[in-house]
Every structure is written in C-alpha cells, then in structure tokens.
Amino acid sequence: MNTKYIDLIDQTYYFPSAEFKLQNQQLQFHDIDLMQLVEQYGAPLKFTYLPKISENINLAKSWFDAAFAKANYKASYNYCYCTKSSHFKHVLDTALKNDIHIETSSAFDINIVNKLKAEGKITDETYVICNGFKREQYIDNITALINNGHKNCIPIIDNYEELGLLTAGTNHRFNVGIRIASEEEPKFEFYTSRLGIGYKNILNFYKNQIDKNEQVSLKMLHFFINTGIRDNAYYWNELHKCLKVYVSLKKVCPSLDSLNIGGGFPIKNSLAFDFDYAYMIEEIVQQIKLVCDEAGVNVPHLFTEFGSFTVGESGGAIYKILYQKQQNDREKWNMINSSFITTLPDSWAINKRFIMLALNRWNDEYERVLLGGLTCDSDDYYNSEQNVNAIYLPKYHKDKDLYIGFFNVGAYQESIGGYGGLQHCLIPAPKHVIIDRDEEGNITTRLFKEQQTSEQMLDILGY
Ligand SMILES: Cc1ncc(COP(=O)(O)O)c(C=O)c1O
C-alpha cells in the first residue's frame, strides 16, 4: 500500500505542476527552495513572489489579444489593477511595470496614486478608474486629481448624488462611467447589488443628469458580478443584460465607447483547479461583438479590473506545526505557530480554500489531521481542501519538524486581516519576505517586514 505523502499527492493531483515540484523531498514553488527560505527567515512567514504578478498580467493581455484577433474586434483592451486586493508598494511597483492602469475604491487610494505619480510610475495618460461609494474625502481627492490635469481619471458613478458633488469640485471637463447594479445570483440573500445604479434607471439617469451637462461626458459602462467571471448561465445572462443597456445607451450617447467588465477572474485554489481562461475571454469578446454588430454600434474598448488574478498567485504563507493534540480517536489537531483568523482571514470568514502542501518530509507516511490556529477562538481552524473534505499531512513526529505552506494567498488577506494592527488574541503578524528575480533570472529575497512586536501592539492599545 502506498502510504507516503508523496504518493497521496501524486495520486490525487497532477503533480508536479507548472509552479510546484519536489527537490530532495522538499517542495519548490517557482523554483524557490521553500525550506531554505524557512532556514533563512524562520516561520511563520508570509512571502510575495513578484514575478508572478507580471506573468499573470501578460497572460491576460495575450488572451485578450488572441480573442480580439479571432473575433476581428477593433478596439483596445486596458488592463487595470484593482488596488484593494493588495495596496503594497512592491505590488503596485511591479504591476505598473507592465503598462497597465489602475482602479481605486476609496479616498486613500488616490493618495497612493499621487505618490506613484510623483515617482513617475503613473502618468496623466494612465486610466484611474474610481469606483466605490464616494464620500467627501474621496470626492475631494478625485477632483484634485482632475484639477491637476489627470485627464484619464474616470469616476464611476455609484449613486445619484455623486455627479453633483464631483462637478462642484472642479471646473474641468471630465469623463465619467456608470456602474450597473447587477442582479445577484438567485441563491443570494438579496436581489440587487447595493453597488451601482439599477439597469432600468440608467438610461433615464443619463438623459436627466449627464446628457445636458456640458462639463461631463459619459465614457464607460461598468459592470461587476460579485460571483466573478464564470462559465455559467447566471454570468452570461447578466452580461447580456449589461450589453443591452450598453447598446441602448450608445445609440443616444456618442461619447460612450468603453465597457468595463470588472474583476472576478478566478485563481488556482486547488491543485485540481481547471479553468479555461482563454476560452472564457474568447467567448466574452465574441458575445460583445455579436450584440454590438446586431445593434449596429461600434464595439467598446474593454477594461478589466483583476485584483485576485493580478496578485493572488504571488503570495504564500508558511507555518510550522508546533504540536499535535489528539482529542479523541479520530481527531488529531496539528497546531500551527500562527493563526488562520488573523493571517488568512478569508479561510475563516468566507470559508475560502487555498492550496495547502507540506514543505518537507514527503517520503513519510501521511495521516488525516485538522489544523488549529493559536488564538483561543474555536473557529480558528482549517480542515478541508477545495476538492477533498479533509486534510492530509506527513505524520506528526515530535522530533521531526514539519512545515506547511498555503499558496496563492496574495490577495485581500492583509487588508482584511488588518495587517500591522491589532490581531485576535494579539497573535503577531508574521514576517514578510519579498522574492524577486535579478536580471540573470536568479532568485533574490529581502525582508519586507519583521514579525510584529509587542511594543507595536501595546502602542496601538494605548499602553
Ligand atoms: C468594482 C470591482 N472591481 C474589481 C474587483 C476585483 O475583484 P477580483 O479581486 O475578484 O478580481 C472588485 C472586488 O470586489 C470590485 O468590487
């Protein structure tokens, strides 16, 4: 019987894969020797592998290029990075090397834009697509950007008041977009997204508030589906509703020339993940072309705002198994030396799954375990993979250290977890290492942040 961890992974998944392989029984991620990383920096540890960001951006661009060529689609594709998925400077600096644009969600995002502009990483030509429900500070920051000559700043109108607030803040002419409030999936707890303006009201909103307004031109229709870009009836139905709005608006609004299909591209959350990105993009582009041709209007320039897809697959988290608690005949708790709630909050809050693998001891026998975090919250655990309702790891042995890695965790976890702030049970945020490649292609590492200290937390707490 094959009882080794290596056999289990081999039989369950396609392994090795493009990003994972074994060398001397130890896991390598994009040729990074993860045990060596642990030896150098210790664990718990978070890391960001920057080259994956550029790789994914360029993949998406190549899929759109191919789809445009195939459909004879005569317009441009504009890749925007949705900053809220990871605001870190090293992420934006890397993403912006790839001729992209950005999407913002709130006031402080514009402060980031200003910093990046001062460094020459963003120019007035870079599209800054401003989404989100806009309050005073955000409006002030957007209008300041427009007043300073950023001609490709496009606020996306999310509610009826915003247009008046924006025009009050600037005398410049500027473009806007309108966000369509999508209908949620039938199984969801409410019918219509709170974000944006309902399908039925958009044409009237344009006619009453934008058409006669000399200062503003409608350039973009924006559409984002909460569940992401998926090949299912719900997605295609919503896309078609959106395209109907696009063509009816286009017929009365010549300045409208762009469609933003938002974010929501999935990323690998399991070694069994299978999603045909190229097909999906091809199909979206074909559908848009078909509807526009039938209506006799020009196809729109396309914009996307991929957040997870840009940065998710660059991130990893490494923990050490500290101890095993066997609480009954069947349940063995492997305790990690950090917390899931604080370092991978989506795993706790929305039951999100990530790729999880042992870093070492692949030739040892495996066992079924539960993973427990260090907080005293009973919900601080991780017990299943995306496609298998369980977790298996090399058998715990008190004299043989075991390290595990969670992969593709680069999006949202730091901002939702409140990186650098208070953490549940005061479990500190782990060290963070940035991994890159030099001009010769060699891997380089540098410490971005030390593990959070007690002084930092006590300072926040007012001691
Ligand atoms: C308007 C908008 N665009 C883009 C995104 C990015 O989504 P994702 O990270 O799934 O690509 C979001 C996420 O909530 C969003 O609300």
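Is glutamate 365 buried, partly exposed or exposed, and what is its relative accessible area? Glutamate 365 is partly exposed, with a relative accessible area of 40%, where buried means under 20%, exposed over 50% and partly exposed in between (1.4 Å probe, protein chains only). The structure is a predicted model, in which local features need pLDDT of at least 70 and side-chain atom pairs count only at pLDDT 80 or more, whereas totals for chains, interfaces and linings use all residues. Residues are numbered from 1 along each chain as its sequence is written, and side-chain values use heavy atoms, with hydrogens and water left out.

Glutamate 365 forms a salt bridge with lysine 395, the closest N and O atoms being 3.4 Å apart; a salt bridge is a side-chain nitrogen of Lys or Arg within 4 Å of a carboxyl oxygen of Asp or Glu. Lysine 395 is likewise partly exposed, at 36% relative accessibility. By the same rule, the count comes to 22 salt bridges. Among them, aspartate 399 and lysine 398 meet through their side chains at 3.8 Å, N to O; aspartate 399 is exposed, with a relative accessible area of 58%, and lysine 398 is exposed at 64%.

Turning to the ligand, a polar side-chain atom of glutamate 305 lies 2.6 Å from a ligand nitrogen atom, and a backbone N or O atom of serine 308 lies 2.8 Å from a ligand oxygen atom.

Note on methods:
A polar contact is a pair of N or O atoms within 3.5 Å; within protein, one must be able to donate a hydrogen and the other to accept it, and residues adjacent in sequence count only if both atoms are side-chain atoms.
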